[in-house]
Structure formats: structure tokens, C-alpha cells
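Subject: A structure for you to explore

Hi there,

Here is the structure I promised to pass on to you. Have a look at it first, and then read on for what turned up in it.

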Amino acid sequence: MTLFMNTCVFFVKVLTLPLYVAELAGLLSFYKRVFPRFVYNFTLAYNEMMKEKKAELFRNLDKFFPQKGSLRILELGCGSGANFEHYPTGCRITCIDPNPHFQKYLEKSMAKNDHLVYDSFIVASGENLKAVGDGSVDVVVCTLVLCSVQDTRKVLQEAKRVLRPGGALFFLEHVMSDPSTWSYFFQRVFQPFWYYMNDGCDTTRPTWKHLEAAGFSDLQLCHIQAPLFFMLKPHIVGYAVK
């Protein structure tokens with residue numbers, strides 16, 4: 001099966017070669033403009049399917065309120081603000097995303113969720129949070145983000161840096177399937193095409209291994225099967241305490 005899978009992967013890579021060349025030439029930059037619209041529509045459906053899991057996850061935010069003042073949340077890869085409805089009233093939100101074209105969709109979510117205080121929208125990658133001070137937030141949130149960052153280890157390092165001692169990184173991510181399954185086979189085979197169609201998303205990442213190796217003092221992590229397309233069913237959900 002491994003030989004057959006590798007042959008299929010090679011074939012798909014050949015088919016996507018024009019997309020690779022177009023990306024190198026900067027011809028796919030227009031996709032950055034239209035991708036937020038796709039994400040906005042997708043997150044509406046995703047939120048409905050994952051409503052209970054998200055609610056269960058974010059109930060744990062109560063554990064990380066500071067002794068004084070509001071809960072300070074930094075959302076990495078905020079996209080269109082799909083998590084805002086789950087945050088407690090009065091939280092102060094800083095949003096970061098490398099794609100500036102998400103802003104108009106983000107503003108729609110802000111208007112719907114006026115129980116929160118929005119501090120700023122910063123255009124930056126998760127690997128470079130220099131605009132955020134050391135130990136300046138109580139919680140970092142990333143949902144469906146670590147699948148598409150360029151350096152997962154660096155993103156987790158930056159998340160730890162900006163968290164106060166005792167703060168937490170909350171995550172909900174789709175991950176690699178069990179290598180013995182057909183789901184993993186199709187993840188591997190279609191990954192070259194998936195990458196270009198979903199703005200760098202990688203369905204074959206064992207993200208839980210990066211979290212386990214990141215040096216958090218406490219890691220609460222569960223593997224779940226989400227009610228989604230079979231290639232996206234495997235998820236991890238939980239939080240990691242600095």
C-alpha cells in the first residue's frame with residue numbers, strides 16, 4: 001500500500017505543478033482576497049456542527065481569569081471571528097491574522113458579539129508576534145490554525161512567550177489520521193492539491209506531538225472524531241497551561 005500511495009502522491013504532485021509555478025510567480029495572490037469569503041461561509045457551517053465541542057472547550061476559560069481586570073484573549077489566525085460567541089462577557093480581544101482581507105468579515109462578527117471588547121486587529125503571522133508583549137495575555141486561542149502555519153514549533157514558542165505565567169493556549173485542530181486507515185491514504189494523496197485550494201492547509205500534521213513537545217506545564221488534550229468530511233474528521237481539542 002505504501003508504494004501505491006507514494007505513486008499516487010507523485011501523480012497528484014505532477015498535476016499540481018502548474019499551481020506550484022503560479023505560486024512562485026505570485027499569480028495566486030488574488031486567492032488571498034477571495035479565500036476569506038470561503039472561510040466565512042465554512043465557519044458558519046463548522047460552528048453549527050462543532051457547537052457543543054466549542055462550548056465545552058471554552059467553558060474552561062473561567063479557570064484563567066486574572067485576579068483583577070478582564071480576561072485578555074489573543075486569537076491567532078482569527079479569520080472571521082468564529083469563536084467570539086463562546087467568549088465570556090467583557091473579555092478583551094486582540095485579533096491576529098496574516099491575511100488583511102479578513103477584516104470586513106471580522107467586523108461583522110464583532111458587531112454580532114458586542115458583549116466583548118475588541119482592542120486591535122494585527123496583520124501578522126503566528127510565528128512573529130513581536131507586536132504583543134511578553135506575558136501580556138491570559139489566553140491564546142487557535143482553532144483550525146496550526147494546520148496551515150509554516151512553523152508549528154515557532155508558533156507554540158510565541159504563544160508561550162506572550163502568555164502570562166499560568167495562562168493557557170486553547171486549541172481545536174484537525175490532524176493526521178491513523179496511518180493504517182484509508183482516511184490517511186487519501187489525506188496523503190490529495191494533500192498537494194489540498195494545499196493550494198485551502199491556503200496552505202496540511203491535513204497530514206501530527207499536531208499533538210508538537211504540543212506534547214512544547215514544554216507546557218500541563219496539557220489537557222483529547223482526540224475526537226468531528227462530524228465532517230472524512231479527511232477532516234480527526235481532531236484534537238484542549239488547552240495547554242504555561
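Let's begin with Phe185, which is buried because its relative accessible area is 5%, under the 20% cut-off for that label. Please keep in mind that this is a predicted model.

Phe185 is also part of an aromatic pair. A search through the whole structure finds 20 aromatic pairs. In one of them, the ring centres of Phe4 and Phe185 are 5.6 Å apart and the planes meet at 10°, so this pair is stacked. It connects distant parts of the chain: Phe4 belongs to helix H1 (residues 2-15) and Phe185 to helix H7 (residues 182-197), 181 residues apart.

How are the rings of Phe186 and Phe230 arranged? Their centres are 5.7 Å apart and their planes stand at 85°, so the pair is edge-to-face. Phe186 sits in helix H7, while Phe230 is in the loop between strand S6 (218-225) and strand S7 (234-241), so the pair ties together parts that are 44 residues apart in sequence. Phe186 is partly exposed, with a relative accessible area of 28%, and Phe230 is partly exposed as well, at 35%.

These four residues belong to a cluster linked by ring pairs, which also includes Trp182, Phe190, Trp194 and Phe229.

Lys108 lies over the face of Tyr40, 5.2 Å from the ring centre. Likewise, the charged end of Lys160 sits over the ring of Phe216, at 5.6 Å from its centre.

Next, a look at the backbone. Most residues other than glycine have a negative phi. Leu144, however, has a positive phi of about 55° and is not a glycine. You will find Leu144 in the loop between strand S4 (137-143) and helix H6 (152-162), and it counts as partly exposed at 24% relative accessibility. Asp199 also has a positive phi, near 55°. Asp199 is placed in the loop between H7 and helix H8 (207-212), and its relative accessibility of 24% makes it partly exposed.

Finally, which residues form a nonpolar patch on the surface? They are Leu17, Tyr20, Val21 and Leu24, with about 410 Å² of accessible area together. Val21 is found in helix H2 (residues 17-24) and counts as partly exposed, at 47% relative accessibility.

Enjoy exploring!

Best wishes

Terms used. Residues numbered from 1 in each chain as written. Predicted model: local features only at pLDDT ≥ 70, side-chain atom pairs only at ≥ 80, totals over all residues. Heavy atoms only, no water. Patch = residues over 30% accessible without salt bridge, like charges linked within 9 Å, V, L, I, M, F, W, Y side chains within 5 Å. Areas by Shrake-Rupley, 256 points an atom, 1.4 Å probe, with all protein chains shown as cover. Salt bridge = Lys/Arg side-chain N within 4 Å of Asp/Glu carboxyl O. Helix = DSSP H or I, 4+ residues; strand = E, 2+ residues; numbered from the N terminus. Buried < 20%, exposed > 50% of the residue type's maximum accessible area, 1.4 Å probe, protein only. Phe/Tyr/Trp six-rings, centres within 6.5 Å; stacked < 30°, edge-to-face > 60°. Lys NZ or Arg CZ within 6 Å of the ring centre and 35° of its normal.
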